[in-house]
Amino acid sequence: MVEISLFGGQITSFRQASGDEVLYIRPDAVFDRSKPIAGGIPLCFPQFGPGAIQQHGFARNVDWSVSDSSADPNPDDREPEVQLLLRDNEFTRSIWPHEFQAALTVNLHGERLRLDFRVINPSSGGTFDFTAALHSYIEVVDVERSAVKYLDKVVSATSPPECEEEGEAVLIQGPVDRVYLDAGEYAELHVGNGAAVALSSHGWRDAVVWNPWTAMPDAYRRFVCVENAVAAVPIRLDPGSGWRARLELYVNDL
Ligand SMILES: O=P(O)(O)OC[C@H]1O[C@@H](O)[C@H](O)[C@@H](O)[C@@H]1O
C-alpha cells in the first residue's frame with residue numbers, strides 16, 4: 001500500500017503486504033503544510049541541495065494536483081496508478097521564473113513501487129536548467145547494521161570522506177552526506193535484518209547517501225536516505241523538450 005500527500009507530491013508510506021513499512025517518517029515531521037514533510041520520499045525540484053533558491057527547491061513545499069488516476073473507474077485495480085502534476089504558477093514564477101510542468105506517476109506493481117518523473121518545458125520562451133532528486137528516507141533496523149551496496153564509487157569532490165567503505169559496501173558509522181556521480185542504475189540498502197531495499201533506476205544519474213548521525217538524536221538510528229538524483233550536472237531543457245527518469249523500489253529478502 002502506498003500513501004501519497006498532495007502537499008509536496010510526496011510518498012509518505014510504502015507498506016509491503018506483510019504490513020512492513022519500507023519508508024521512514026522522522027519524529028519531527030509535521031503535516032500542517034508549514035514546511036516540507038520530513039520523511040517518505042520528498043521530491044527535490046528544481047534544485048537539489050542549497051543554491052540560488054531554497055534548499056531542495058520548492059516542489060516539496062507546494063500542493064500538487066491529481067491529473068490522472070486509475071482508482072475511480074476501477075477500485076479493484078491490481079496495479080493502481082496515480083499521476084500527480086505541478087505546473088508553474090504565480091508563486092513558483094516568483095521564485096524561479098520559468099514555465100514548466102512536472103509530473104510524477106506513482107504505480108504500485110505488485111509489491112514494487114514505481115515512480116516515473118517527467119519535466120517538460122512547454123514554453124515558447126526560454127531554456128531552463130534544473131537539478132532534482134527523489135530523496136527516499138528508508139527505514140533501517142539500526143543504522144550501524146545497515147550497508148549501501150552497488151553504488152559506483154565516484155564521489156563528488158565536495159563530499160567529505162566521512163564514512164567507511166568496505167569492498168562493495170558503504171557502512172555508516174558517523175554522519176554521511178555523499179554524492180556519488182554516475183552512480184549506476186542499481187543500489188541496495190541492507191536494512192540490518194537480512195532484507196534489503198532495492199533501488200532500480202533509469203535516468204537518475206547520481207545518488208546521494210545521507211544520514212545526519214547525532215545531529216538528529218531521535219531519528220538517525222532508524223533511517224538512511226539513499227537518494228536518486230541529478231545533482232552534479234543540471235539538466236537543460238529547451239522550449240518544447242522534456243526529461244524523464246524512473247525509480248523502482250522493492251524489498252529483496254536476502
Ligand atoms: O533538511 P533538508 O533540507 O530536508 O535536507 C536534508 C539533507 O538532504 C540531503 O539530500 C543533503 O545531501 C543533505 O546535505 C541535507 O542535509
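**Note on the predicted model**

1. Of the protein's 254 residues, 37% count as buried (buried means that 20 or more other C-beta atoms, placed from the backbone, lie within 10 Å of a residue's own; exposed means 12 or fewer, and partly exposed is in between). This is a predicted model, in which local features need pLDDT of at least 70 and side-chain atom pairs count only at pLDDT 80 or more, while totals for chains, interfaces and linings use all residues. Residues are numbered from 1 along each chain as its sequence is written.

2. The protein has 1 helix and 18 strands (DSSP runs numbered from the N terminus: H or I of at least four residues for helices, E of at least two for strands). Its radius of gyration is 18 Å, close to the 18 Å of the globule rule for 254 residues, so the protein is as compact as a globular protein of that length (the radius is taken over C-alpha atoms, and the rule is 2.2 Å times the number of residues to the power 0.38). The C-alpha trace spans about 50 × 45 × 35 Å along the principal axes.

3. In the largest nonpolar core there are 65 residues, of which Ile 138, Val 148, Ala 207, Val 224, Val 226 and Ala 229 touch the most other members (such a core is a set of buried Ala, Val, Leu, Ile, Met, Phe, Trp, Tyr and Cys residues joined through C-beta atoms within 7 Å). Strand 17 gives the largest share of this core, 8 residues.

4. UniProt, in an unreviewed entry, lists His 135 and Glu 227 under "active site" (positions follow the numbering used here, feature names are shortened, and annotations may be inferred rather than shown by experiment).

5. His 135 sits in the loop between strand 8 (128-134) and strand 9 (137-139), and is buried, with 23 other C-beta atoms within 10 Å. Glu 227 belongs to strand 17 (residues 223-237) and is also buried, with 25 C-beta neighbours inside 10 Å. Beyond four places in sequence, the contacts of Glu 227 include His 135, Ala 207 and Trp 210 (contact means C-beta atoms, placed from the backbone, within 7 Å).

6. Which residues surround the ligand? They are Gly 49, Gln 55, His 56, His 135, Asp 177, Val 208, Trp 210 and Glu 227 (near means a C-beta atom, placed from the backbone, within 6 Å of the molecule or strand). This shell divides into 2 nonpolar, 4 polar and 2 charged residues (Ala, Val, Leu, Ile, Met, Phe, Trp, Tyr, Cys and Pro count as nonpolar, Asp, Glu, Lys and Arg as charged, and the others, Gly among them, as polar).

Definitions and conventions
Two residues are in contact if their C-beta atoms, placed from the backbone, lie within 7 Å.
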